[in-house]
Amino acid sequence: MVYSEECDFIFRLKGILEFACQLDNPNGVQSQSTISKSFQDLRSKVTSKNIVFTVCNSPVLIWPNTGFQSSVESLTEASACGDILQWIESDDGGSKKSSKKKDKKKSGPTVVNMKLLFEVTEPAGNTAPSLIRVSTQQHCVKMPLPLDCALSVTTDERLETVCTGLVEALNKQLADMEEVVLQYRKGSSFLVPQPFHFQLPEPAGLITVVYPAGVPDSQLQAVREDLHRKFELPCDRPYLRRANAFHFPDAAYKDGYLRNPHIHLNPPNIEDAKLYLVQGVYSYHHYMQDHVDDNGWGCAYRSLQTICSWFQQQGYVETAVPTHTQIQQALVDVGDKEPRFVGSRQWIGSIEVQAVLNQLLGVTSKIMFVSQGSELATKGRELANHFQTEGTPVMIGGGVLAHTILGVVWSENTGQIRFLILDPHYTGGEDLQTITDKGWCKFSK
């Protein structure tokens, strides 16, 4: 399952299968084989002719294990997967294919959501059912298995290939779930296995990992270390914590903040220049959010919140993004401010931001001093190196003139530079088009 710049679609299949087994002795030797047999029955079920994929918001039903059958006559095994868009109803009532907006920049692949179903009726057999009476005490174990598979393809990939790949993904995920259940069970007490998708550097791409519900990331370090070795990932940054889970382009964030508005922009065309960008996900924090009227004094607080959100969403910390009051209290706690500072409307600068990052997140930072704004243009090499190696957002300025730098377009030969700026002075709602069209997120000299 690879998701890259060449990926046009992600087919996502979700469904619930009920795991059930009877254990004579939950701690006995045979209990493991009994559990494995129940998982084998589920794997047989997903390879049976009764399995059905239904495409969400459409009349399309697909039987993948019967030589590819579809409820829509024009969709055959030879159809390109892009042909399915004309049957999916979009939010405005049209088809997804006809309602594509002309965005400034393609922000990601189209997600085709599917549900896993099974036919419940089948021809009756000629044999009578057998009843067996069991006199020994048994433990009945039942739990839902939340299956969630993803397959990334290009638009001309055949539908038959997509469906075959999804069936294979279901089988693999059930095998991974079996391994997790066996490893973490205690007698007849089972932990529900939960699948998570992660976007790794190429060539790994989009992978799925199954973790046991209720086990914190701190207790899964050995598992992640094995995966880092398997996929040859560096050990100096998190990739596989739950906070790193891939966010599908069509899914809304529950907290209401916009993520990564810069991905909708096209970089300026500067001869012999390269683009250096923030690595990972951040949320856009700006004036007037969270029912706080900080217009005119809170821009550095908002820039700091954006930086904190990056550390949280990359999995470096589990600390929530601090509020204005928590930021002020942190500065009092380190002795930088007097107690009356808490609840005030006083602005903060780079030194205070550095102190709060260290106090609340345990993150050390560096302040780069420039005597005037024009001097920042000479810092292209330092900023390019920062985004290549560290990848965090950068706050520039302070007081009532703070902004956030998300990247640079810089030419090493000519020194020409453009800054990708996220402006915390925006006071409107979370309207992506307004934010990008009106220059609240833009490339600037």
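# Helix packing and sheet arrangement in a predicted model

Helix α4 (residues 299-313) packs against helix α5 (residues 324-333) at an angle of about 95°, and their axes lie 10 Å apart. The two helices, α4 and α5, are therefore roughly perpendicular to each other. On the α4 side the contact is made by Y301, R302, L304 and Q305, and on the α5 side by H324, I327 and Q328. Three of the residues in this contact of α4 with α5 are nonpolar, three are polar and one is charged. The structure described here is a predicted model.

Helix α5 also packs with helix α6 (residues 350-361), at an angle of about 90° and with the axes 9 Å apart. This angle makes α5 roughly perpendicular to α6. From α5, the residues Q326, I327, A330, L331 and D333 meet E352, A355, V356, Q359 and L360 of α6. The contact of α5 with α6 comprises six nonpolar, two polar and two charged residues. The table sets out the two helix pairs.

| Helix pair | Angle | Axes apart |
|---|---|---|
| α4 and α5 | about 95° | 10 Å |
| α5 and α6 | about 90° | 9 Å |

The model also contains a sheet. Six strands form this open sheet, in the order β4-β3-β2-β5-β1-β6, and their pairing is mixed. Strand β3 (residues 61-63) is joined to β4 by two bridges, and the two strands run antiparallel. In this pairing, W63 stands opposite Q69 in β4.

Helix α1 packs on the sheet, where α1 touches β1 (9-23), β2 (51-55), β5 (110-118) and β6. The direction of α1 makes about 140° with that of β1. Helix α2 (residues 159-184) lies across β1, β2, β3, β5 and β6, and α2 runs at about 140° to β6.

R43 lies in helix α1 (residues 30-46). The relative accessible area of R43 is 14%, and residues under 20% count as buried; R43 is therefore buried. The side chains of R43 and E178 are joined by a polar contact of 3.0 Å. When neighbours within four places in sequence are left aside, R43 is in contact with S36, N171, L174, A175 and E178.

How values were computed:
Residues are numbered from 1 along each chain as its sequence is written. This is a predicted model: local features need pLDDT of at least 70, side-chain atom pairs count only at pLDDT 80 or more; totals for chains, interfaces and linings use all residues. Side-chain values use heavy atoms; hydrogens and water are left out. Helices (H or I, at least four residues) and strands (E, at least two) are DSSP runs, numbered from the N terminus. Buried means under 20% relative accessible area, exposed over 50%, partly exposed in between (1.4 Å probe, protein chains only). A polar contact is a pair of N or O atoms within 3.5 Å; within protein, one must be able to donate a hydrogen and the other to accept it, and residues adjacent in sequence count only if both atoms are side-chain atoms. Contact means heavy atoms within 4.5 Å. Axes are lines fitted to C-alpha atoms, for helices over the stretch in contact, and angles run from 0 to 180 degrees between N-to-C directions. Angles under 35 degrees count as roughly parallel, over 145 as roughly antiparallel, 65 to 115 as roughly perpendicular and the rest as oblique. Ala, Val, Leu, Ile, Met, Phe, Trp, Tyr, Cys and Pro count as nonpolar, Asp, Glu, Lys and Arg as charged, and the others, Gly among them, as polar. Two strands pair if DSSP finds at least two bridges between them.
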